[in-house]
Amino acid sequence: MSAPASLAGNPGGIQQVMAMRQQIIQRSDLLQQIHAAQDSARDGIGVQPPRPDFADTLQSALDGVNAVQARAEGLTQAYQKGEVTDVAKVMLARQEAGIAFEATLQVRNKLLAAYQDIMRMGV
């Protein structure tokens, strides 16, 4: 429960979460289009499904997580040097970086599970 509360005081964190939400919605729409196209192809209508570039999407998401972590590290070092005196700002940045990292791990775990499921289908 403390993770959403920590993001509430950080407008940049909320914007990033909303941007990630929008990307998820867009990906969901693309998957629905792909399934509809595959169903149409089975019915004899040769519609090519759109091909989103998964590697670019994944790379941009990882770059975003890296930027959040770099910002948190920079604020932490600035606090240690005495350049930043707002402890709450530093802690919020660190919390945001932690949440971004945990989300990345969850995505990795889901991708790995999907890959393993696909590999088991051939057997």
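This is a predicted model: local features need pLDDT of at least 70, side-chain atom pairs count only at pLDDT 80 or more; totals for chains, interfaces and linings use all residues.
Residues are numbered from 1 along each chain as its sequence is written, and side-chain values use heavy atoms, with hydrogens and water left out. Local features need pLDDT of at least 70 and side-chain atom pairs count only at pLDDT 80 or more, whereas totals for chains, interfaces and linings use all residues.

The protein has 4 helices and 0 strands, in the order α-α-α-α from the N terminus. Helices (H or I, at least four residues) and strands (E, at least two) are DSSP runs, numbered from the N terminus. Of the 123 residues, 15% are buried; buried means under 20% relative accessible area, exposed over 50%, and partly exposed in between (1.4 Å probe, protein chains only). Contacts (heavy atoms within 4.5 Å) between residues at least 6 apart in sequence join residues at least 24 apart in 50% of cases.

The largest nonpolar core consists of 10 residues: V65, V68, A72, L75, A78, V84, V90, A93, A97 and A100. Such a core is a set of buried Ala, Val, Leu, Ile, Met, Phe, Trp, Tyr and Cys residues joined through side-chain atoms within 4.5 Å. Two or more residues of this core come from each of α3 and α4, and α3 gives the most, with 5. Beyond four places in sequence, A93 touches R71, A72 and L75. The C-alpha atoms of L62 and A100 are 9.4 Å apart, across 38 residues of sequence.

The largest pocket holds about 1,300 Å³ of space. Of its 34 lining residues, Q23, I24, R27, A61 and V107 are the closest to the pocket centre. The elements giving two or more residues to the lining are α2 (11–42), α3 (54–81) and α4 (87–121), and α2 gives the most, with 14 residues. By class, the lining has 20 nonpolar, 9 polar and 5 charged residues; Ala, Val, Leu, Ile, Met, Phe, Trp, Tyr, Cys and Pro count as nonpolar, Asp, Glu, Lys and Arg as charged, and the others, Gly among them, as polar. On a 1 Å grid over the protein atoms alone, a pocket is an open set of points where a 1.4 Å probe fits, with protein on both sides within 12 Å along at least five of seven lines; lining residues have an atom within 4 Å of a point. Grid points are joined across faces, edges and corners, and a volume is the space filled by probe spheres set on the points.
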